[in-house]
Amino acid sequence: MARAAVANGTWDGAAAAAAALSRSLLTPVVNATGVLLHTNLGRAPWPATDPGRATNLELDLDTGRRGDRRRGVGRLLATLTGAEDALVLNNGAAAVLLVLAALAEDRDTVVSRGELVEIGGGFRIPDVVARSGTRLVEVGTTNRTRADDYRRAVAAPGADVGAILVVHRSNFRIEGFTASPTVTELATIGPPVVVDLGSGLLDAGCPWLRGGPPAWLAGEPGVRQTLAAGADLVAFSGDKLLAGPQAGIVVGRADLVARCAAHPLARALRCGSLVLGSLQELALTYLRRDGEAVPFWRRATTPLVDLEDRARAVVARAGRGEVAVTEATTGGGTLPGVSIPSIGVALEGDHLAVLRAAPTPVIARVRDGRTLLDLRTVDPHEDGALAEAVGGTRHP
Ligand SMILES: *Cc1c(COP(=O)(O)O)cnc(C)c1O
């Protein structure tokens, strides 16, 4: 920036340009939006720890020979979901792409017309099916598809079905006159049943939460239950309800996971030790059933009285705003239409830009002419920075 200022003779703007550059770099922010998994804010908050040292990423410590990077964390994820094996990739989209390429390249993939959907960020099921090199065979209708529709497609003359793909309605709902077969029904038809579960709740029983699954999670399918129902492979994201780093996970039958791992695309879509190490920490945390240690679950289940106490303290410290009842959501393409009761701080008017300009940027939202800072998505140790930013809205 200094060189550019010298070259252009624009001395006055140099400091501002340097500050603007620094604000374009990755920096921690306070998520006061009330959206727990905010895609613009990196979805689930979970630390990546790099020991800055060599690891046994691809070394078998027993034999001294070349090892397999998916062994360690893959085994933990398989244990958590009741799967035979697991594979970790770059994200959920990569997981679906690879599974279809490995199981049904140059063959047919049968999908319900009710599931030819866009998940967000341009991830459209028909496009992904095409890019994976498989032929899309649509069955049923937008609102109703039956097991017989799939059966007929599989038995049709000339059909060569490599996979039946089921796409979870992670981020939208269809209501009213609807029907779709269960995974158990589809599993009796023949071809491998692949479920793109997206949101990736590990286990609908939430054994890592002392109070069991919260009411707002009702109806959300778990990876473990989907496998138990008969799915051959399940693909899901690492940073949605699993609440870890950006990753895509494939779990299920060992022979099919091995086919995915052996496909040439697997190498292009795999993760390094930074993500695998971070995911391993998360898997161990779930195995210890320690939901309190997972920021997403801790925030999602914080009692309202705790949020109210903190909101009062923020208002007192900032000397501004008032305690307000709010509604948080899980977000990030999960649990559409579901809200979680919450408490926050409200300010009259729109202060979003001033809050974003705070030393630790605070991201809030505006509703009905008021700025709302939802405390459910804020970690208690961020309350000080939040109060300071709220105080700063007095003289913008
Ligand atoms: C979110 C989602 C994906 C994409 O996962 P990313 O991790 O965002 O790449 C794919 N399928 C479904 C059903 C999803 O909900």
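Me: Buried means under 20% relative accessible area, exposed over 50%, partly exposed in between (1.4 Å probe, protein chains only). Does Leu335 count as buried or exposed?

Reply: This is a predicted model, where local features need pLDDT of at least 70, side-chain atom pairs count only at pLDDT 80 or more, and totals for chains, interfaces and linings use all residues. Residues are numbered from 1 along each chain as its sequence is written, and side-chain values use heavy atoms, leaving out hydrogens and water. Leu335 has 6% relative accessibility, so this residue counts as buried.

Me: Where does Leu335 lie?

Reply: Helices (H or I, at least four residues) and strands (E, at least two) are DSSP runs, numbered from the N terminus. Leu335 is not a glycine, yet its phi is positive, about 40°. Its place is the loop between strand S9 (322-328) and strand S10 (340-348).

Me: Which loop holds Ala243?

Reply: Ala243 also has a positive phi, about 70°, although it is not a glycine. Its relative accessibility is 0%, so Ala243 counts as buried. Look in the loop between S7 and S8.

Me: Which residues come nearest to the ligand?

Reply: A residue is near a molecule if one of its heavy atoms lies within 4 Å of it. There are 13 residues around the ligand. Those that come nearest are Gly92, Ser170, Asp196, Ser237 and Lys240.

Me: How many residues of the shell around the ligand are charged?

Reply: Ala, Val, Leu, Ile, Met, Phe, Trp, Tyr, Cys and Pro count as nonpolar, Asp, Glu, Lys and Arg as charged, and the others, Gly among them, as polar. Helix H4 (92-104) and strand S6 (193-198) each supply at least two residues of this shell. By class, 3 shell residues are nonpolar and 7 are polar, while the number of charged ones is 3.

Me: Which residues does Ser237 touch, beyond four places away in sequence?

Reply: Ser237 sits in strand S7 (residues 233-237). This residue is buried because its relative accessibility is 5%. Contact means heavy atoms within 4.5 Å. On that count, Ser237 touches Arg43, Gly92, Gly198, Leu242 and Ala247.

Me: Which residues is Thr81 in contact with, leaving aside neighbours within four places in sequence?

Reply: Thr81 lies in helix H3. With 1% relative accessibility, Thr81 counts as buried. Cover for the buried residues of H3 includes strand S2 (85-89) and helix H8 (223-228). The contacts of Thr81 are Leu202, Val223, Arg224, Leu227 and Val251.

Me: How far apart do the C-alpha centres of domain 1 and domain 2 lie?

Reply: Domain bounds come from an automatic or database domain assignment. That assignment gives domain 1 (22-46 + 296-392) and domain 2 (71-289). Their contact takes 19 residues from domain 1 and 25 residues from domain 2. The separation of their C-alpha centres is 32 Å.
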